[in-house]
Amino acid sequence: PTTTATTTTTTTTTTTTTTTATPTSTATSTTTVSTTSTTSSRTWTTSSTTLAPTSTTTTAPTPKAVIPATEATTASADKALPGNLHTTGATEPTVEPSLSRAPHHLEHTFFKDHSILDAAKFTSTTATSTTTTGTLYERVGRCFGDIGMAGHGGVSVVGALWNVPKGRAAEAETSIADGGVAPSLTARTYFADSCSPGVAYERERYTAFRLLGRTLNYSVDLSEAGCGCNAALYLVAMHQNAERSECFDYYCDAASVCGVSCTEVDLQEANRFAWHSTLHQAADQPGYSMGYGGGAASWSGPRQWSHEDYGPHDDACIDTRSPFQVSASFPVDGLGRLLAVRLRLLQARPGRPICGLSLELADYAGLPEIHHALREGMTLVTSYWRSDDMGWLDGEGLDRRGPCASEEDSCGSAPRFFGFSIGDSAT
């Protein structure tokens with residue numbers, strides 16, 4: 001009933017020498033990065049019944065950076081959250097180079113020149129913030145409505161007023177219907193325990209999902225998100241962030257978009273041609289990515305999958321012209337320590353067997369920090385944005401195997417995230 005084909009990428013080592021010059025100084029550095037081999041699986045399951053994640057037993061590798069048992073079993077919260085939240089201008093911890101970090105990030109300048117939400121130039125309304133406290137209007141939250149989440153209960157969807165400190169978020173309402181969220185272009189939303197119209201943003205209201213040993217399930221429709229578009233669903237440590245941020249809503253992420261950095265788990269940054277899942281320590285903007293797509297003339301993005309696996313066509317395992325299901329699991333060992341973040345995409349189409357793609361993000365030096373953030377609880381965020389410099393996500397890359405030769409500016413209607421649920425995860 002089940003046939004599995006496994007593709008393994010081989011180990012490569014790349015040495016890059018970069019020389020950076022400024023009007024006053026010149027610095028030369030040599031960096032050697034080794035890309036570890038990873039395995040992804042494509043599974044077909046013959047079934048005529050409802051779509052559900054198939055159970056796959058795998059042996060997860062032990063993370064290189066071991067989480068102390070006392071850390072994993074401590075019941076009390078770490079109020080100071082060391083190494084988890086950092087404000088711009090503060091001294092940030094040194095991040096040791098991870099051997100699992102892909103070499104394409106070394107020459108990737110997008111994060112140096114743009115915010116990760118490079119939406120300010122594409123908004124219809126622009127405004128400039130001149131104070132650190134913000135006006136009353138700048139600080140009042142937007143309430144889009146409530147949705148249900150099986151295994152958790154109801155959550156409120158809160159909208160950001162600002163995408164970046166000087167760039168307003170979408171004025172259009174984010175659609176909340178049939179248990180789903182459809183963020184309009186340049187919108188960003190947060191899942192919260194409650195939302196009150198006319199009341200200032202309160203970090204304590206943001207839902208702190210504790211997902212260690214559990215699985216988050218959802219479905220997504222990316223059929224209108226073309227090259228140059230990014231439909232993102234991710235987890236950040238907002239509930240614990242005491243800094244209001246330059247966007248006045250306590251937003252934080254690994255790119256410090258609104259002036260505060262924190263641990264981030266990107267379940268997806270995707271369009272109908274490309275998919276990235278990425279782990280970020282608070283001080284690690286590029287992070288550790290897997291999936292398919294991206295690159296430039298001198299580097300290539302992750303290639304665990306290919307155009308034959310994921311894309312808008314009949315022969316793809318995941319045909320992105322139709323919705324599909326995503327499961328994000330956070331398995332732990334016998335001591336409660338995070339083993340990996342596992343992603344599984346599943347799709348059933350009429351007259352075809354269920355087909356699935358999988359990723360396992362395990363070999364990351366920052367896994368202990370991811371464990372810590374998940375234990376304390378992370379907030380679920382959706383966003384939808386576009387950029388002329390989205391090649392890092394969907395470009396052809398050095399190997400010419402990426403999906404998009406250019407950013408076509410075809411973002412279409414909003415993506416839709418729906419069918420949310422939380423269940424138990426295998427250890």
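**Figure 1. Strand 23 and its two neighbours.** Strand 13 (residues 214-221) and strand 23 run antiparallel and are joined by six bridges. This is a predicted model: local features need pLDDT of at least 70, side-chain atom pairs count only at pLDDT 80 or more, and totals for chains, interfaces and linings use all residues. Residues are numbered from 1 along each chain as its sequence is written, and side-chain values use heavy atoms, with hydrogens and water left out. Strands (E, at least two residues) and helices (H or I, at least four) are DSSP runs, numbered from the N terminus. Two strands pair if DSSP finds at least two bridges between them. L216 has A328 of strand 23 as its bridge partner. Strand 23 also runs antiparallel to strand 24 (residues 341-347), through five bridges. There, S327 has R344 of strand 24 as its bridge partner.

**Figure 2. Burial of strand 23.** Which residues cover the two faces of strand 23? F324, V326 and A328 lie on one side, Q325, S327 and S329 on the other, and all are buried. Buried means under 20% relative accessible area, exposed over 50%, and partly exposed in between (1.4 Å probe, protein chains only). In a regular strand the side chains alternate between the two faces of the sheet. Six of the six residues of strand 23 (residues 324-329) are buried, so the strand is largely enclosed by the rest of the structure.

Figure 3. Eight strands line up in the order 6-7-12-26-14-16-17-18, with antiparallel pairing, as an open sheet. Strand 6 (142-149) and strand 18 (288-292) are the edge strands, and each pairs on one side only. From one strand to the next, the twist averages 20 degrees. Strand 6 is joined to strand 7 (residues 153-159) by seven bridges, and the two run antiparallel. The bridge partner of I147 is V155 in strand 7.

**Figure 4. Helix 4 against the strands.** Helix 4 (residues 367-376) lies across strand 14 (229-236), strand 16 (264-270) and strand 17 (275-280). Its direction is at about 90 degrees to strand 17. Axes are lines fitted to C-alpha atoms, for helices over the stretch in contact (heavy atoms within 4.5 Å). Angles run from 0 to 180 degrees between N-to-C directions.

**Figure 5. Salt bridges around D319.** The whole structure holds 13 salt bridges. Each is a side-chain nitrogen of Lys or Arg within 4 Å of a carboxyl oxygen of Asp or Glu. D319 pairs with R321 in one of them, with the closest N and O atoms 2.8 Å apart. D319 is buried, at 4% relative accessible area, whereas R321 is partly exposed at 43%. R349 also forms a salt bridge with D319, with the closest N and O atoms 3.5 Å apart. This pair links distant parts of the chain, 30 residues apart: R349 sits in the loop between strand 24 and strand 25 (354-361), and D319 in strand 22 (residues 318-319). R349 is buried, with a relative accessible area of 15%. Through shared partners, salt bridges join D314, D319, R321 and R349 into one network.

**Figure 6. The salt bridge of R337 and D333.** The two side chains meet at 2.8 Å, N to O. D333 is partly exposed, at 21% relative accessibility.

**Figure 7. The disulfide of C143 and C195.** Six disulfides are found in the whole structure. Each is a pair of cysteine sulfur atoms within 2.5 Å. In the pair C143 and C195, the sulfur atoms are 2.0 Å apart. The S-S torsion of C143 and C195 is about -85 degrees, so this disulfide is left-handed. The link spans 52 residues, from C143 in strand 6 to C195 in the loop between strand 12 (187-192) and strand 13. C143 is partly exposed at 27% relative accessibility, and C195 is partly exposed at 23%.

Figure 8. C252 is joined to C262 by a disulfide, S to S 2.2 Å. This link is right-handed, with 85 degrees about the S-S bond. C252 lies in the loop between strand 14 and strand 15 (260-262), and C262 in strand 15, so the pair ties together parts 10 residues apart in sequence. C252 and C262 are both buried. The sulfur atoms of C317 and C355 are 2.1 Å apart, in another disulfide. The S-S torsion of C317 and C355 is about -115 degrees, so this disulfide is left-handed. Both C317 and C355 are buried.
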